[in-house]
Amino acid sequence: MSQLLIVAAEEMENPLVPPIPELVIGLLAFVIVFGFLAKKLLPNINKVLEQRREAIEGGIEKAEAAQTEAQSVLEQYKAQLAEARHEAARLRQEAQEQGAALITEMRAEGQRQREEIVAAGHSQIEADRKAAASALRQDVGKLATELAGKLVGESLEDHARQSRVIDRFLDELEEKAEASR
């Protein structure tokens, strides 16, 4: 048995070291596969990677451009908003000024109308007073003439004389009234 072991040990080689012909065939197959991959597959992979890199760089550039444009649009919006606020404040101020002017104008118009009404009232009162004084003169004249006619016992129908007597009597009454004031 010992001999068998020796023969078996000789036939058994190291399992970690492959036989030379297998090593050469494996190395040749590896070089062929590696060459095929380097010639056919590697350019396609590089092309795809280059396209992805360009797409990423283009996307970054587009994003930066979009961000710059968004920033400029934001600044324009802020400028327009500030201008709109300024315009609104100006319009508000104008409306307040117009309102104040309208109120002043309306007050002046009301004052003018009040003065017209008061003046019209005074002239109406004066006209009514004159009409009442004239009517009163006539009534007092008639009563005085009738009373004088009854006292004298004869008719005082002469109209011109009657008017003079009445006017003189009433003028004396007015003078006495003014003197007593």
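Predicted model: local features only at pLDDT ≥ 70, side-chain atom pairs only at ≥ 80, totals over all residues.
Student: Let's start with the fold. What makes up the pattern of the protein?
Tutor: There are 3 helices and 0 strands, and read along the sequence that gives α-α-α.

Student: Which residues does UniProt list as "transmembrane region", and how much of that stretch is helix?
Tutor: The unreviewed UniProt entry lists residues 20–38. Over residues 20–38 the chain is 100% helix and 0% strand, with the end C-alpha atoms 26 Å apart. Mind that the label comes from the record, and such annotations may be inferred rather than shown by experiment.

Student: How many aromatic pairs are there?
Tutor: The count comes to 1 aromatic pair.

Student: Why is the pair of phenylalanine 30 and phenylalanine 34 called stacked?
Tutor: Two checks. Ring centres have to lie within 6.5 Å to pair, and planes under 30 degrees apart count as stacked. The centres of phenylalanine 30 and phenylalanine 34 are 6.1 Å apart and their planes are at 20 degrees, so the pair is stacked.

Student: Where do phenylalanine 30 and phenylalanine 34 lie?
Tutor: Both sit in helix α2, 4 residues apart, which is about one turn of the helix.

Student: What lines the largest pocket?
Tutor: There are 11 lining residues, and Arg129, Ala133, Arg137, Leu170 and Glu174 lie nearest the centre. Helices α2 (20–152) and α3 (159–180) each supply at least two residues of the lining. The space in the pocket is about 280 Å³.

Student: How does that lining split by class?
Tutor: The lining has 5 nonpolar, no polar and 6 charged residues. Arg and Glu count as charged, while Ala and Leu count as nonpolar.

Notes: Residues numbered from 1 in each chain as written. Heavy atoms only, no water. 1 Å grid on protein atoms, 1.4 Å probe; cavity = no way out; pocket = protein on both sides within 12 Å on 5 of 7 lines; lining within 4 Å. Points joined across faces, edges and corners; volume = space filled by probe spheres on them. Phe/Tyr/Trp six-rings, centres within 6.5 Å; stacked < 30°, edge-to-face > 60°.
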